[in-house]
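Please view the sequence and structure first.

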Amino acid sequence: MDKKRRGLRTWVQLAWTALTNGYVQGFTSGTIWKGPSKAYCVPGLNCYSCPGALGACPLGALQSTLASGRARTALYVLGFLMFIGAALGRFVCGWLCPFGLVQDLLHKIPFVRKLRRLPGEKWLRRIKYLLLIGFVILLPLFAVDAFGQGSPWFCKYVCPSGTLLAGWPLAAVNPMLRDVLGFLFAWKSLLLILLIVLSLLVYRPFCRYLCPLGAIYGLLNPISLYRLKVDANRCTSCGHCQSACKLDIPVWQRPNSVECIRCGDCLQACPTGAITSTPAQLRRACRGRS
């Protein structure tokens, strides 16, 4: 059952990535989709400039609207983030994020040794909140030019998903673009390469340490409709759930941790069935009433 669930999650990730990046012609022509669907956000970190992208990244949309002062559009993006976060939390990260899929596949590659965590893990996990406050909110709002326009700082200077899904594919098929690439592209490529190497060693380093979108959804994990619950009468505190968790979360103590991406590994690892998710809780409640 454990292998089946993992396989199901991978297939859902692949299907969602294909669905939201279905403009195949863009990858061969070096152009991006500009149809009406681009006005709407998709839940995961899916770069607007990706040649195949049919929707907008909510993180990029938030920065752009804050930088341009479009209050009405900013309210739409914030509402979208709050709605998705309140409904699913970081389930989006585990099942519906293309860059999360990339990290998952990289981590499956056999390596000499996989690491449970990096040194200074506690402090490294706080970087994503600093990036959220600084690069996603404050800098786009207040670091403006003479015309009062800001920039999407996180997208421009940090986002490795944009480099992998947009920058590299566009540069590969567009000679004119390659001619004007400079230091910024080199910096972001270096950052992406570092994250690729880290993904071989430690599970989802970008999600753990750098993703502001995951930070937003994670803050809503404890109150989201999709939640995990630990039955205290069944739990023996054996620690199997934490051993199975690639993010090293003590699920038996913090089932709705802000770091949890809802992959489901802990559900299968629990020997007493003490951990359940919202769908299972609803099914039990319905059976109890019937």
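In which helix do Trp153 and Tyr157 both lie, and how many residues apart are they? Both lie in helix α9 (residues 153-157), four residues apart, about one turn of the helix; a helix is a DSSP run of H or I of at least four residues, numbered from the N terminus. This is a predicted model, in which local features need pLDDT of at least 70, side-chain atom pairs count only at pLDDT 80 or more, and totals for chains, interfaces and linings use all residues. Residues are numbered from 1 along each chain as its sequence is written, and side-chain values use heavy atoms, without hydrogens and water.

**Aromatic contacts**
- Seven aromatic pairs are counted, where rings of Phe, Tyr and Trp (its six-membered ring) pair if their centres lie within 6.5 Å; planes under 30 degrees apart count as stacked, over 60 as edge-to-face and the rest as tilted.
- Tyr76 and Phe80 form a tilted pair, because their ring centres are 6.4 Å apart and their planes stand at 45 degrees.
- Trp153 and Tyr157 also form a tilted pair, at 5.3 Å centre to centre and 35 degrees between the planes.
- Phe91, Trp95 and Tyr226 form one aromatic cluster.

**Accessibility**
- Phe80 counts as buried at 15% relative accessibility, whereas Tyr76 is partly exposed at 33%; buried means under 20% relative accessible area, exposed over 50% and partly exposed in between (1.4 Å probe, protein chains only).
- Trp153, at 22% relative accessibility, is partly exposed, and Tyr157, at 30%, is partly exposed.

Key
Helices (H or I, at least four residues) and strands (E, at least two) are DSSP runs, numbered from the N terminus.
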